[in-house]
Amino acid sequence: MNKRTRLVILIAVLAICFVFLWPSISWYGRTPKEVQQLALGSTENIKTYAENKAAEDVRAIKDIAKNDSTSVLDAEYAWLNKEAAKKYKSYGEKAPSNMTVADVLGAYDSELEFMNVISAKYRDEILKAKKYYDNSVKLGLDLSGGMNVIVKADLDAAYEAQGDAVTETDFATYKKEAMENVIENLTSRIDRFGLTSPVIRQQGEDRIYIEIPGAAQADAINTLIMGKGILNFRLSDMDATNSFKEYYAKNPASTFNAAGELMDPSIIPEDCEVFGVYTKDEYGLDERYDWLVVKKDIALEGSHIQSAEVRNDPYTGQLQVAFNLDAEGTTIFGEFTGAHVGDFLAIVSDNKVKSNARIQDAINTGSVSLTGSFSQDEANNIKKVLQSAWLDVPLSVESQQVIGASLGDTAIKQGIFAIILGLSLILVFMLIFYKASGINAVVAQILNLYIMFSVLSAFNLTLTLSSIAGMILTIGMAVDANVLIFERIKEELRQGKSRPAAISMGFDNAFWAIMDSNITTFIAAIFLSQLGSGSIQGFAVSLSIGVVSSVFTALFVSRLIFDFDTDVLHAKKVSIGWGIKQ
């Protein structure tokens, strides 16, 4: 491979690494702390925050217009002038040259449309930061602080509580559905609590591992884990819903306060409540897309549900969600549906509307079918909501560990200090022992770390204390490769070889010695990463990445630097140690 090709490859590698590393740079170096906290929340929390901030801004702008409609917007809202100009252009009109507050408000057909523009700006800013986080290097609990919990689900007790509702042959299916339901409920509860990016996954057959980065109150988390979701059926008031939506469209900024409460309760009937209608977003979390006014009185408690399934309608072939009620629930539901044929019935879970369907006929059999133009995901989501009422699995906290954020900050500082100290000591040693050639080794080490962090960022891996230990070990191993090369070059120089010949022979003779030692280390690291867990796995992953990058920098980058000195700077001698005559 000629030198020009090697240079092109190196530049390409560094450019690709920068692309991979950019999300991490943007997240940790360019994103304000307050935006980070918002971005780590759920999409529902982000949407709520954006709407609340937009409502505040709309009220502030309306107050400005009320006091003086000919005034111009402050610098804080100046971006709205451009948005209003685009709106005028879409109408085929020319925007006013000196945009006033009245002109900005007049560009939009409704207050809701104006508020949505502002809300979108807040939301897009936070979602952009969230995307940076999703594609960046994550900090483990030992660096970021936080809490991990292992929860045990008592599947046997839950199975026994079902009695004859579940046969013994269905036990395996029951356990699978019960665990899926527990994880679904825990995800919903913890996310609704406003925690940051929780990791919730099944461990083994009956345990759930929960990892919550950042500051978290142990008592509050335990309450969430042990708490039970509330599922019930309520009659929907569609007339009140339509009136509410009409009011909200005209007054979006003054409908709800920051706590999500109605600022004017009289806009809906006294015997009603307004809830959001939710679906699952791309992250599998609840996201509100509409509003529904429902009666406060509960038509049927979810505890009467005995089973739920997704099936195809035998006549139309459309997906439907079917569930069965116990004897008491059958009587209650039969009487209620008989009295409200043609009305709409909502399924409410944790004060969120998950479904709203019309009552076609009186249902007296206890077997209920929800029909509609459901997609497979929508049908499965409704089934999971219904299951939360009858798959009642006792949970217990088996182990819990809390790591303070201050300890995480200390660990990060210590890790950075160790890396900088290691590089500095290597720099001093290599410069003293190998003179100017030591600079090659240090440059290779810096690029080695750069490539390692880029790979971590590319695969969204988690950085822990053990990962940092693997990096520090890699620095030492990479220097060992440079030492082998330098000693080989010195041997060739002692034999009277010229600079180009000594460098070429030195790299060639050291090649297999370096490859042998690094291949064996790489094999060991791969086995550790597959068979180990926790801190061992983190150490092994960073070590395996470091082995590959250190071989590249030692054999490829260092050689290119030597060749650059030879061909571009026209160096005749090699500054590589004491007592070397050239």
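Where is the place of K435?

A: K435 is placed in the loop between α14 (405–434) and α15 (437–458); helices are DSSP runs of H or I with at least four residues, strands are runs of E with at least two, and both are numbered from the N terminus. This is a predicted model, in which local features need pLDDT of at least 70 and side-chain atom pairs count only at pLDDT 80 or more, whereas totals for chains, interfaces and linings use all residues. Residues are numbered from 1 along each chain as its sequence is written, and side-chain values use heavy atoms, with hydrogens and water left out.

The backbone of K435 deserves attention: its phi is near 55°, a positive value in a residue other than glycine. Most residues other than glycine have a negative phi. With a relative accessibility of 27%, K435 counts as partly exposed, a class that lies between buried (under 20% relative accessible area) and exposed (over 50%), with a 1.4 Å probe and protein chains only. H570, which is not a glycine either, has a positive phi of about 55°. H570 is found in the segment after α18 (535–567) and counts as exposed, at 54% relative accessibility. A positive phi, near 80°, also belongs to G92, which follows α4.

As for the setting, the protein contains 18 helices and 14 strands. Of its 582 residues, 44% count as buried. Among contacts (heavy atoms within 4.5 Å) between residues at least 6 apart in sequence, 72% join residues at least 24 apart.

Helix α4 (residues 79–90), the one that G92 follows, has 12 residues and reaches 17 Å from its first C-alpha to its last, close to the 16 Å expected at 1.5 Å a residue; the expected span is 1.5 Å times one less than the number of residues. L80, A84 and Y88 are the buried residues of α4. Seen down the helix axis, these buried residues fall within an arc of 85°, so they line one face of α4; the arc is that of the directions from the axis to the C-beta atoms. An α-helix has 3.6 residues a turn, so residues three or four places apart point the same way. The face of α4 turned away from the buried side carries the exposed residues K82, K86, K89 and S90. On the buried side, α4 packs against α3 (43–67), α5 (101–106) and α6 (111–134). Of these partners, α6 has 24 residues and reaches 34 Å from first to last C-alpha, close to the 34 Å expected at 1.5 Å a residue. Buried residues of α6 include F114, M115, I118, Y122 and I126.

Turning to the strands, an open sheet of three strands has the order β8-β9-β12, with antiparallel pairing; two strands pair if DSSP finds at least two bridges between them. Its edge strands are β8 (305–312) and β12 (367–371), each of which pairs on one side only. The twist averages 20° from one strand to the next, with axes fitted as lines to C-alpha atoms and angles running from 0 to 180 degrees between N-to-C directions. Between β8 and β9 (residues 319–325) there are seven bridges, and S307 has N324 as its bridge partner in β9. Elsewhere, β5 (residues 231–236) pairs in the antiparallel sense with β10 (residues 344–349) over six bridges, and N232 has V348 as its bridge partner in β10. Strand β5 is mostly covered, with six of its six residues buried.

Helix α12 (residues 327–339) contains T337, which is buried with a relative accessible area of 0%. A polar atom of the T337 side chain lies 2.7 Å from the backbone oxygen of F333, and a polar atom of that side chain lies 3.3 Å from the backbone oxygen of G334. The polar contact criterion is a pair of N or O atoms within 3.5 Å, where, within protein, one must be able to donate a hydrogen and the other to accept it, and residues adjacent in sequence count only if both atoms are side-chain atoms. Leaving aside neighbours within four places in sequence, T337 is in contact with I359, D361, A362 and I363.

Finally, D377 lies in helix α13 (residues 376–390) and counts as exposed at 56% relative accessibility. D377 and T279 are 98 residues apart in sequence and 9.8 Å apart in space, C-alpha to C-alpha.
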